[in-house]
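Me: I've got a model open and want to talk through how the inside is put together. Can we go over it piece by piece?

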Amino acid sequence: MDQPMQTEVWKAQTLEELIEILHQLFSGDKVNVAEVQNVMESYDSNPEEWTKYAQFDQFRYTRNLVDKGNDKFNLMILCWGEGHGSSIHDHVDSHCFMKILQGNLKETLFEWPGKKEVGEMVKKSERVLRENQCAYIADSIGLHRVENPSHIETAVSLHLYSPPFETCHAFDQRTGHKQKVKMTFYSQFGERTPYAASVSHENN
């Protein structure tokens with residue numbers, strides 16, 4: 001009797017090791033969502049390893065590029081001040097993995113608005129993600145908004161997008177109307193991006 005194929009179980013001991021494993025997992029043309037999610041969840045958050053990338057802004061959450069993934073993916077750290085949140089947005093046919101490194105984040109899922117784009121958007125579910133949990137979303141699942149529910153503690157999350165994208169759509173919750181927005185980085189590889197290049201619209 002044939003034995004079922006075993007997928008290799010990865011355990012990332014450090015952020016650097018996680019990045020190395022991700023490069024291997026994305027070396028082909030197909031993405032194994034469960035495998036990527038499991039390896040990202042396997043990494044136990046260690047602030048000593050990611051603090052150099054974690055740059056906060058007083059007024060909005062920030063996107064800080066960590067690794068370009070040989071153009072197969074972008075890995076970034078998002079920093080959420082107290083009460084900061086994203087707009088409702090899509091992921092333009094990309095895979096999105098989101099791991100909590102510090103604090104908690106609330107994810108609210110929404111249905112795609114109808115073709116007429118009239119009326120309140122329909123909320124599917126919401127949940128609070130806690131440290132070291134890793135969530136996954138793609139456009140086939142729906143749209144989401146992510147926010148730091150705490151008004152006394154910051155939050156930090158690690159995001160992987162494959163393939164990388166530079167624009168997405170933000171949605172008005174009251175009307176379902178969508179707007180194309182450009183994505184930028186607050187910092188890249190620990191270095192602050194020049195101001196003119198880092199002003200970004202809401203996204204996560």
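Predicted model: local features only at pLDDT ≥ 70, side-chain atom pairs only at ≥ 80, totals over all residues.

Me: How many residues are in the second, separate core?

Reply: Its members include Met76, Leu78, Ile137 and Ala170. In general, nonpolar side chains in soluble globular proteins tend to be buried together. For this second core, the count is 22 residues.

Me: Back to Met40: which residues does Met40 touch, not counting those up to four places away in sequence?

Reply: Met40 is one of the residues that touch the most other members of the largest core. Skipping its sequence neighbours, the list is Leu18, Leu22, Phe97, Lys99, Cys134, Leu158 and Leu160.

Me: Why is strand 4 largely enclosed by the rest of the structure?

Reply: Look at the accessibility of its eight residues, where buried means under 20% relative accessible area. Strand 4 is largely enclosed because the number of its residues that are buried is six.

Me: And in strand 9, what is the bridge partner of Phe97?

Reply: Strand 4 runs antiparallel to strand 9, with seven bridges joining them. Strand 4 also runs antiparallel to strand 7, through four bridges, and there Cys96 is partnered with Ile137. On the strand 9 side, the partner of Phe97 is Leu160.

Me: Is Asn74 buried or exposed?

Reply: Asn74 sits in strand 2 (residues 74-80). Beyond its neighbours within four places in sequence, Asn74 is in contact with Leu65, Asp67, Lys68, His159, Leu160, Tyr161, Pro164 and Phe185. With a relative accessible area of 10%, Asn74 is buried.

Me: Last one: how far is the backbone nitrogen of Ser187 from a polar atom of the Thr193 side chain?

Reply: Thr193 belongs to the loop between strand 13 (191-192) and helix 4 (195-198). Thr193 counts as buried because its relative accessibility is 8%. A polar atom of its side chain lies from the Ser187 backbone nitrogen at a distance of 3.4 Å.

Key:
Residues numbered from 1 in each chain as written. Heavy atoms only, no water. Helix = DSSP H or I, 4+ residues; strand = E, 2+ residues; numbered from the N terminus. Buried < 20%, exposed > 50% of the residue type's maximum accessible area, 1.4 Å probe, protein only. Polar contact = N/O pair within 3.5 Å; in protein donor to acceptor, adjacent residues only side chain to side chain. Contact = heavy atoms within 4.5 Å. Core = buried A, V, L, I, M, F, W, Y, C linked by side-chain atoms within 4.5 Å. Pairing = 2+ DSSP bridges.
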